[in-house]
Amino acid sequence: MPDLNEPEWLSLARALSTAEVSDALDYYKLPGCVLGIRPVAGPDRLFGHAYTVRFAPIDDAQPGTVGDFIDRLVPGTVAVLDNGGRMDCTVWGGILSRLAAKKNIAGTVVHGVCRDTAEADDAGYPLYARGAFMRTGKDRVQVQAYEEPVALGDVRVCPKDLVIGDADGVVVVPQARIREVLHKALETRALESQILAAALNGVPLAEARRQFGYHKLQRSPDRPTDPA
């Protein structure tokens, strides 16, 4: 849920698509587009700061549960779970989805698989992962670290980074760059709206794109200027 005290630009940014944020990341030469993780249950929209959890295969001294970290999460955060991309066992299921929905957690992103997707759908809880698989992670994986950098594929996620998800997937914005990236994305959205309006009013698309600088929107500011 949006914070009623947050600045107006951040409230507006909640409506940005991952494509718009991706172009802004390109503009600043930042990584952040997560490959292979897509919405699997619940609303295909999430927006919040990351709470990170990293898992590892169990050792004999520390078998056990995988989900007690839910008690650490605060409303509005996104649970980012790095299970090393494993597809053979889950680290998120129905109890967690229902509790997270009750706690107003913004959503969950798993580098791996989840299960009980019908319960996430029923709870209206946004759940993103590489896929769904029914086998539990209990006694197969253990929590290795809380609130440390984790990986979603080749994208590094640090605590408090901004995580945005929609039907196209997930992007991650480093905490220190949130304001400038989202401002650039909002600027791009406004210009693309002008391009579309001009084209719908009869201006040839190529001309509308040239007029508003469409082909340069995602180009880094330190890229050499194109010849006239």
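Which residues lie nearest the centre of the second largest pocket? Hello everyone, let me answer that and then walk you through the rest. What we have here is a predicted model. In the second largest pocket, the residues nearest the centre are Val66, Gly93, Ile95, Leu96 and Arg115. They belong to a lining of 18 residues, and the pocket itself has a volume of about 260 Å³. Sorted by class, that lining holds 7 nonpolar, 7 polar and 4 charged residues. And which element gives the most to the lining? That is helix 3, with 4 residues.

So let's stay with helix 3 for a moment. It covers residues 94–102, and Ser97 sits in it. Is Ser97 buried or exposed? Its relative accessible area is 0%, so Ser97 is buried. If we set aside the neighbours within four places in sequence, Ser97 is in contact with Trp92, Ala120, Ala123, Tyr125 and Leu127.

Keep Trp92 in mind, please, as that residue comes back now. The largest nonpolar core has 24 residues, and Trp92 is among those with the most contacts inside it, together with Val53, Phe55, Phe69 and Leu81. Several elements give two or more residues to this core: helix 3 is one, and the others are strand 3 (46–57), strand 4 (78–90), strand 5 (107–114), strand 6 (127–129) and strand 8 (141–146). Beyond its neighbours within four places in sequence, Phe69 is in contact with Val53, Phe55, Leu81, Trp92 and Tyr146. There is also another core, lying apart from the largest one. This other core has 18 residues, including Ala13, Val21, Ile178 and Val181.

Next, the strands. How many residues of strand 3 are buried? The count is 9 of 12, so to speak a mostly covered strand. Let's look at the partners of strand 3 in turn. With strand 4, strand 3 runs parallel, joined by 5 bridges. Along that pairing, Thr52 has Val80 as its bridge partner, and Arg54 stands opposite Asp82. With strand 8, strand 3 runs antiparallel, again through 5 bridges, and here you can find Pro57 opposite Val141. For a place to look, take Gly48, which stands opposite Val163 in strand 11.

My last stop is Val170, in strand 12, residues 169–173. Val170 has a relative accessible area of 3%; buried means under 20%, so Val170 counts as buried. What does Val170 touch, not counting residues up to four places away in sequence? The list is Gly32, Cys33, Val34, Ile37, Val109, Tyr128, Val163, Ile164 and Gly165.

Technical notes:
Residues are numbered from 1 along each chain as its sequence is written. This is a predicted model: local features need pLDDT of at least 70, side-chain atom pairs count only at pLDDT 80 or more; totals for chains, interfaces and linings use all residues. Side-chain values use heavy atoms; hydrogens and water are left out. Buried means under 20% relative accessible area, exposed over 50%, partly exposed in between (1.4 Å probe, protein chains only). Contact means heavy atoms within 4.5 Å. On a 1 Å grid over the protein atoms alone, a cavity is a set of points where a 1.4 Å probe fits but cannot get out, and a pocket is an open set with protein on both sides within 12 Å along at least five of seven lines; lining residues have an atom within 4 Å of a point. Grid points are joined across faces, edges and corners, and a volume is the space filled by probe spheres set on the points. Ala, Val, Leu, Ile, Met, Phe, Trp, Tyr, Cys and Pro count as nonpolar, Asp, Glu, Lys and Arg as charged, and the others, Gly among them, as polar. A nonpolar core is a set of buried Ala, Val, Leu, Ile, Met, Phe, Trp, Tyr and Cys residues joined through side-chain atoms within 4.5 Å. Two strands pair if DSSP finds at least two bridges between them.
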